[in-house]
Amino acid sequence: MDQVNEVSRAPAFAPDSLVLNRKLPLWYQVSQSLRASILGRPRDASPRLPTEEQLAVHYGVSVLTMRQALKELETEGLISRHRRRGTFIEPRARRVSPVRLLGSIDAIVAQQSGELTTVLGHGPAPVPGELAEFFPDCAEVVSYRRLRCDGTTGEPTNWAENAVLPEIAARLDVADLERWPMTKVLRDAVGVKISRITDTVEARLADPATAELLEVPLLSPILHYTGVTYDDEGRVVDVARIRYRGDRFSFSVTVDAH
């Protein structure tokens with residue numbers, strides 16, 4: 001039996017479940033959910049997708065809606081469709097990288113390294129309302145906006161906004177941010193004694209600025225990371241807000257039992 005027939009007889013790939021939002025196009029939600037499942041698939045996952053009818057039942061949509069969602073993924077080159085054989089994940093469809101919540105400053109620095117970084121802009125700015133709790137005695141912070149791209153393909157992967165205490169920012173060399181992550185710059189170049197970083201990751205939809213910078217469709221899924229950095233006096237010295245492309249990253253938590 002040839003390899004093609006063996007693949008087509010293998011158990012079909014099992015996509016994640018989805019709670020539909022009836023205010024958004026159904027085919028778009030299904031295509032984005034299936035795309036995330038494909039890019040986040042385990043290494044040993046079957047490359048064969050269920051049939052259109054099976055997928056339609058799985059997502060609770062019509063076959064016509066499912067067909068439109070699959071056409072979108074085929075256009076992107078994530079799947080290929082073959083009459084009488086079925087629909088298959090393309091081998092070149094990349095698996096996602098994890099955004100991990102880890103237990104050391106060095107681990108955070110290592111995770112943020114390895115990409116090409118461009119500083120989009122920086123300067124004084126009013127404290128954003130959603131960050132007021134972290135900077136209760138400040139009217140202004142210094143804002144830094146950075147875009148990170150894949151070092152091999154040049155494809156945008158995430159963009160970050162950092163709100164930094166003005167007295168800390170006065171000692172910061174912007175050129176360092178194109179070489180190192182903010183955490184490393186604060187600790188090693190500026191000399192901030194970091195006591196802890198509190199991380200939060202949540203799912204959001206891409207706003208117009210994020211969609212443009214990351215080259216993704218408006219309202220497509222992204223991972224929104226917030227990292228609050230404290231010094232040894234308990235002050236918040238930096239709040240990072242990073243938007244990760246949902247088709248390139250997944251969320252991972254490591255819990256040490258000891």
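In this predicted model, P124 touches E140, V141 and V142, once its neighbours within four places in sequence are set aside. P124 itself belongs to strand β4, which covers residues 116–126. Is this proline buried or exposed? Its relative accessibility comes out at 63%, and since anything over 50% is called exposed, P124 counts as exposed. Then there is Y144, which sits 20 residues from P124 along the chain, with 9.1 Å between the two C-alpha atoms.

Next up is a pair of helices. Two packed helices can be described by the angle and the distance between their axes. For α3 (residues 52–59) and α4 (residues 63–75), the axes come within 9 Å and cross at roughly 105 degrees. Angles of 65 to 115 degrees count as roughly perpendicular, so that is how α3 and α4 lie relative to each other. On the α3 side, the contact is built from E52, E53, L55, A56 and Y59, while α4 brings in V63, M66, R67 and L70. Sorted by class, this contact holds six nonpolar and three charged residues, with no polar ones.

That leaves the largest pocket, with a volume of about 450 Å³. Its lining takes in 21 residues, and those closest to the centre are A36, A203, P221, I222 and G246. Which elements give two or more residues to the lining? They are helix α2 (26–39) and the strands β7 (194–205), β8 (221–231) and β10 (249–253). The largest share, four residues, is from α2. As for the make-up of the lining, 14 residues are nonpolar, six are polar and one is charged.

Definitions and conventions: Residues numbered from 1 in each chain as written. Predicted model: local features only at pLDDT ≥ 70, side-chain atom pairs only at ≥ 80, totals over all residues. Heavy atoms only, no water. Axes fitted to C-alpha atoms, helices over the stretch in contact; angles between N-to-C directions. Parallel < 35°, antiparallel > 145°, perpendicular 65-115°, else oblique. Contact = heavy atoms within 4.5 Å. Nonpolar A, V, L, I, M, F, W, Y, C, P; charged D, E, K, R; others polar. 1 Å grid on protein atoms, 1.4 Å probe; cavity = no way out; pocket = protein on both sides within 12 Å on 5 of 7 lines; lining within 4 Å. Points joined across faces, edges and corners; volume = space filled by probe spheres on them. Buried < 20%, exposed > 50% of the residue type's maximum accessible area, 1.4 Å probe, protein only.
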